[in-house]
Amino acid sequence: MAVLSTFKFFESKRLMELLIKMKNLIRNSVYRSYRTQLLINNEWVNAATHKTFPTLDPSNEQKIADVQRAGDEDLDKAVMAAKQAFEHGPWRRTTARERGQMLYKLADLIEANADELAKLETLDNGKPISDSKNVDVPLTASTYRYYAGLADKVQGKTIPIDGPFFCYSRYEPIGVVGQIIPWNFPLALQSWKLGPALAAGNTVVMKPAEQTPLSALKVGELIVEAGFPPGVVNLLPGFGDVGAALSIHPEVDKIAFTGSTEVGKLIAKNSGERNLKRVTLELGGKSPNIILDDADVDQAIKQSQIGLYFNQGQCCIAGSRLFVHERIYDAFVEKSVECSRSRKLGDPFDEATQQGPQVDKTQFDRIMSYIEKGKAEGAKLCTGGVRWGNKGYYIEPTVFSDVTDEMTIAKEEIFGPVMSIMKFKDMDEVIKRANATHYGLGAGVVTKDLEKALHLVNALRVGTVYVNCYDVLQCNTPFGGYKDSGVGKELGEDAIYSYLESKTVIMKKDKMTLP
């Protein structure tokens, strides 16, 4: 009987392994048509060096595909294609309305391919499929559609000046734009960059993140289908060497980067090395989330869970410094622990999953190192802090209480599901502590008192303040930070003007003959 039981155990284990293997094969087989090459001048090509790199499924650590790795020669070709398209190609002769029509077509194609794009995003990034379907893809399509409508709304001014002169201003595209996007929202942030740049009439060389190239390349396929001329959009999957080379390339007129503050500073430095590039940077954050003593605790818990755990905590504006008034502190910590423990981790393709894996091993190890620092420096680990499962880069939702301002987890951007809860006594104190950081991306406030809310809104030195909500992102709302959190804005009207040059024209009226 013991032998039979052992046999049944091993047969059952073997069957489970086979089922998991079949599930992974079925999942990946759906995407055998995905693009893995470079897009240069509307052609799909291999890297000049023929080097590739693997992109992995973070839920099971298995390779999805080998992707062509761009190098210096590929970059030169892409930049020259973009320059030719900007200076001599049909793109230069397109009207603003025609550019808008192409962007409308791209938005339509995004929606027509929504299911495939959502699955690619989840496969490559690890985010829950419910987020990919309901957040990332709709935001992507709406962003392209917003800038399609804005393309022909850019207008100069007639300026009255002294003397016999006629003066006006006009806006012109900057030229060849280098864009570098991160891995946390690959589809959405690609649209945040491409939408305003193309609406303004620029051409683009873009480097997607090496962790998540597949959805960006699929959009490249749709860009060609939408009718954008050769050279207008070029996609170069690769590593940091490509981004660095892009930032110093003498034929690139502007750099737009989203990523860490440390890399952003290097990008800014490099961008002035060979020519004075225009630069926009959307960088890191350590956003305060302030819960006042009049707040409904249940509402505050819901707001703070979204503010911290959305996208596995891999969100630059995450409310990762949670300031809770001392009167409700203990109750808030208790309920935060309870809610954090109830979050459903698992297969990101399961519609019920709330939290998937971190994007890769590097990010997983980084987050775990911060958890260890939190424990070593005296913060109280209330729940989580360990790996979930034995395959994939999952981390249990983690809550620290008794966190103080000088602790590493309270100062540095963790970019993971680690909640640090701190106690405060009064408004003046929390404002001072909230602003005591070199970051300034965002903040949250939960209160029933409008006067207190507006006082905090005006006092906090950040680019976005959420009152009784968090992570509300729409294509027409400007997004960007103060201080080391960035330069310039994404989204809204602000973004398109960061891709335009302003030209002033002055004419002497008494010498003019109109045709």
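Predicted model: local features only at pLDDT ≥ 70, side-chain atom pairs only at ≥ 80, totals over all residues.
The largest pocket holds about 900 Å³ of space. Its lining consists of 38 residues, and those closest to the pocket centre are Trp183, Phe257, Gly259, Ser260 and Val263. The largest contribution comes from α9, with five residues. By class, the lining of the largest pocket comprises 17 nonpolar, 12 polar and nine charged residues.

Across the whole structure, two cavities of 30 Å³ or more were found. The largest cavity contains about 70 Å³ of space. It is lined by 13 residues, with Gly313, Ala318, Ser320, Ile414 and Phe415 closest to the centre. Seven of the lining residues of the largest cavity are nonpolar, four are polar and two are charged. The second largest cavity contains about 50 Å³ of space. Its lining is made up of 15 residues, and Pro288, Thr437, Tyr439, Gly440 and Val462 lie nearest its centre. In the lining of the second largest cavity, five residues are nonpolar, six are polar and four are charged.

Side chains of opposite charge can pair when their charged atoms come close. The structure holds 27 salt bridges. One of them is formed by lysine 193 and glutamate 490, whose closest N and O atoms are 2.6 Å apart. Lysine 193 belongs to helix α6 (residues 186–199), whereas glutamate 490 lies in the loop between β18 (486–487) and α16 (492–497); the pair thus links distant parts of the chain, 297 residues apart. Lysine 193 has a relative accessible area of 0% and is buried. Glutamate 490 has a relative accessible area of 7%, and it counts as buried because this value is under 20%.

A further salt bridge joins aspartate 484 to lysine 265, with 3.4 Å between the closest N and O atoms. Aspartate 484 is located in the loop between β17 (464–467) and β18, and lysine 265 in helix α9, so this pair ties together parts that are 219 residues apart in sequence. Helix α9 is also the element that gives the most residues to the lining of the largest pocket. Aspartate 484 is partly exposed, its relative accessible area being 25%.

Lysine 335 and aspartate 298 likewise meet in a salt bridge through their side chains, at 2.8 Å from N to O. This pair links helix α11 (residues 329–342), which contains lysine 335, with helix α10 (residues 297–309), which contains aspartate 298; the two residues are 37 residues apart. Lysine 335 is partly exposed, at 32% relative accessibility. Aspartate 298 is also partly exposed, at 48%. Elsewhere, salt bridges link Arg35, Glu116, Lys218 and Glu221 in a network.

On the surface, a nonpolar patch is formed by Ile159, Ile161, Phe165 and Ile506. Together these residues have about 310 Å² of accessible area. Isoleucine 506 is part of strand β19 (residues 500–508). Its relative accessible area is 53%, and isoleucine 506 is therefore classed as exposed, the cut-off being over 50%.

How values were computed: Residues numbered from 1 in each chain as written. Heavy atoms only, no water. Patch = residues over 30% accessible without salt bridge, like charges linked within 9 Å, V, L, I, M, F, W, Y side chains within 5 Å. Areas by Shrake-Rupley, 256 points an atom, 1.4 Å probe, with all protein chains shown as cover. Salt bridge = Lys/Arg side-chain N within 4 Å of Asp/Glu carboxyl O. Helix = DSSP H or I, 4+ residues; strand = E, 2+ residues; numbered from the N terminus. Buried < 20%, exposed > 50% of the residue type's maximum accessible area, 1.4 Å probe, protein only. 1 Å grid on protein atoms, 1.4 Å probe; cavity = no way out; pocket = protein on both sides within 12 Å on 5 of 7 lines; lining within 4 Å. Points joined across faces, edges and corners; volume = space filled by probe spheres on them. Nonpolar A, V, L, I, M, F, W, Y, C, P; charged D, E, K, R; others polar.
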